[in-house]
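Open the model in your viewer and keep the sequence panel beside it.

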Amino acid sequence: MIKNLVIVESPAKAKTIEKYLGPDFKVTSSMGHVRDLPKGDGAIDISAGFKPKYEVSADKKKLVSELKKLSKQAEIVWLATDEDREGEAISWHLFEELGLKQENTKRIVFNEITKTAILNAVANPRDIDKHLVDAQQARRVLDRLVGFELSPILWRKVKPSLSAGRVQSVAVRLVVEREREILDFQAHSDFRVQGFFQTEKGAALKAESKGKFPDAESVQSFLEQHQGAQFQVSDLQVSPAFRSPAPPFTTSTLQQEASRKLGYDVSRTMQIAQKLYENGHITYMRTDSTNLSQLALQAAKDEILSQFGESFVHTRQYATKHQGAQEAHEAIRPTFFSNHSAGSNPQERKLYELIWKRSIASQMAKAELEKTTISIDTAQKTAPFKVEGEVIRFEGFLKVYLESKDDEEEDDQEGLLPAVRVGESLGLDKITATERFQKPKPRYTEASLVKKLEELGIGRPSTYAPTISTVQKRGYVVQENREGQKRSIRYFESNASGIHQSVMEENFGQERNKLFPTDIGSLVTDFLLAHFDQIMDFGFTASVEKQFDEIAQGMKAWQEMLGDFYIPFHETVAKTVDTAERVTGERLLGTDPKSGLPILARMGRYGALVQKGDKDSGVDPAFASLRAGQTLESIQLEEALKLFELPRDVCSIDGEAVTAAVGRYGPYLKFKGKFFNVPAETDLIALSEEQAQSMMAEFLSQPQYPLEVGSYKGQPLLVNKGRFGPYVKYDKIFASIPKGEDPSTLTEERAIQLVEAKLSGEKSAALKELDAELGISIVDGRYGAYIKQGKVNAPIPKGTDWKDVSLEQAKSWLEEAATKKKSSPKKRK
């Protein structure tokens, strides 16, 4: 008999909690959700008030069975999942699936895994909050309905195998629209004029002209007018200034700052934060609250007093911007402020230290600054210059932490300025004028996209990272580095020897870890905007989030909310299926000057391409795939024509041609029937014979796969490399070569070991041999039992026990699976 059974989500969390509870408590893990909506159209009964039909996933059945057994043995079951809606839903699913009883089930929550917090939670249990559960159910059901009804339309009207999500589609729209803003941006230039002066005491002073200089003529005129002019300090303003610390972290601000300071993507940040939380180092990491508990405020104050002194203390509470804060009720902070470092590896320690610094700084005194503004002009007041500087008089929170800035935030502030007085004469070393081009808004990073979503009220702390990850996995958005371009800028300098003009070069447009929309992402966005403008509307998406908040607060019934949304949405779906035209993003780029055939850019079945000729041309069209960095919206006629020059012979080796071409997986060189992948950014059109020969020399100096390393039972053993790594091929068996082993040095003995291990594994997975001669068996797979014959696998229908499957049934299902496999579209090489 178990006195107390505590169920949490993760083994790491269970291990930490177990340390704080006595021998009367057994702590175990549900490993996340134990049940979910099944795949297919039977998951939600719309006619019954959007009733979801949950089922335990195949990989959780054994675990659920164990949890049921343990819960029946327990006097009290404590559901200790996370305190947000997701955690509440997990507790409710456990309660329902394990058949728990109200009288001996208790729900406990805590936002930090410390002994004090855990014991306090046990002393103050509550019931499962059905309002929070309903809010989570509403989100899950709504997102399933939107995805299930929109995705088939995209398959028919845009491209097969696409999928759409409610929040994800809006996130992609933001990236698409920002990219189009950048592509449409017309960069105009003006001139930045700076004066370089010397004070009477010989100190250097650089100031910015307050005048406007739109062109070279205005610059030339200004410099001529002030050649040899006398300058003086015309005004001096000194004023106190203060800088306040940023609030402690919420989920979104942690993701933003970890990206800016540590270079972590949002998913990585959340994974590390999860580990820090589960090991008791920080409070719960999914929160939109900036509040700190009274206990935390006192602990922070004590640590600041200890480390920096009383003058650095300023206890303050921050107001949470989001009034319906749905997640934890405290900001992300260290559980113990006395621990300046924590974590089991460098990544964890860096993130913990960032959280510690931000939390401590939020409770420290303001920084006291002195702001100085020096105005400079001629006696005739014809050339006003100005320089501003700040000096720190008292560090305050800056002794610990300063928040970083995004690309769009610039700070031209100088530091300490030299001492001057009004009327002081200044020596003029030179005046420079540098041409500068306006910049478009920056492309989004993962962190700045999260910031924008939060500003728009779209999504919540638990959804930011999955949203950003999903749009990239689905191929609608890519995160890339892109090299910049060079352009000429004009430069003027006026000094004692006269006025000089020169031309310099500058780099622009370089991008690092920025989000770019793919062609399919742009096409899907345009299609959804044209036919589902409400789904894509920022305000509407934010209003849906507010309704989830109202459900969580018990102010709205979740079925009612779904009904208000679904009925008009479903009507739009039906109308779109009947009336919408198929979209390909087709653009007429121009005409081929040689053949007179039209050149088009469009989306093909396997990606973006350019096409020479059309159905009215009387000849079969020619096709060429777009290269990396090219898009349907940006490609021009000249670039498209070059693509038709491929494939082309770039050199020859021993009389055999080496051909350059672009395939589905990028650019490659082909020699003697073998394909050699080259970097995605390689310009095959400009590739010289010498460059191609150099590449091939490097390729050919490496082992040429497949390598025959011996034989086994009369069959050759071949070592080869595939998309997922090196392997040994024996008959119809593919045995992976473990990481760290060099495939080029694999021996026959080692190859046989790998093959035998593979064969042994397949045999041990066999649950039942139905026909040894035909090779038909029932195999235990990752997601349950299935029928196997050679390379054909057939699922066993739900509700059918594999022990009851007959040979005749297996043959029928295998035949059906083989037919589907043959009829499915083959991949173009």
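Begin by selecting S163, A164, G165, Q168, S169, V172, Y476, V524, T525, L528 and M536, which line the second largest cavity. A cavity here is a set of points, on a 1 Å grid over the protein atoms alone, where a 1.4 Å probe fits but cannot get out, and lining residues have an atom within 4 Å of a point. This is a predicted model, in which local features need pLDDT of at least 70 and side-chain atom pairs count only at pLDDT 80 or more, while totals for chains, interfaces and linings use all residues. Residues are numbered from 1 along each chain as its sequence is written, and side-chain values use heavy atoms, with hydrogens and water left out.

The volume of the second largest cavity is about 60 Å³, a volume being the space filled by probe spheres set on the points, with grid points joined across faces, edges and corners. Colour the lining by type: six residues are nonpolar, five polar and none charged (Ala, Val, Leu, Ile, Met, Phe, Trp, Tyr, Cys and Pro count as nonpolar, Asp, Glu, Lys and Arg as charged, and the others, Gly among them, as polar). Helix 6 and helix 14 each supply at least two of the lining residues; helices (H or I, at least four residues) and strands (E, at least two) are DSSP runs numbered from the N terminus.

Next, select V176, E179, R180, L183, R482, F516, P517, T518, D519, S522, T631 and E633 around the largest cavity, which holds about 110 Å³ of space. Helix 6 (166-184) gives the most to this lining, with four residues. Five of the lining residues are charged, four nonpolar and three polar.

Now turn to R166 and E545, which form a salt bridge with closest N and O atoms 3.8 Å apart (a side-chain nitrogen of Lys or Arg within 4 Å of a carboxyl oxygen of Asp or Glu). R166 is in helix 6 and E545 in helix 15 (residues 538-552), 379 residues apart. Both are buried, meaning under 20% relative accessible area, with exposed over 50% and partly exposed in between (1.4 Å probe, protein chains only).

Move to R286 and D82, another salt bridge, at 3.6 Å from N to O. R286 lies in the loop between helix 9 (266-278) and helix 10 (294-307), and D82 in the loop between strand 7 (74-79) and helix 3 (85-97), so the pair ties together parts 204 residues apart in sequence.

Finish with D36 and R140, whose salt bridge has its closest N and O atoms 3.1 Å apart.

Note on methods: 1 Å grid on protein atoms, 1.4 Å probe; cavity = no way out; pocket = protein on both sides within 12 Å on 5 of 7 lines; lining within 4 Å.
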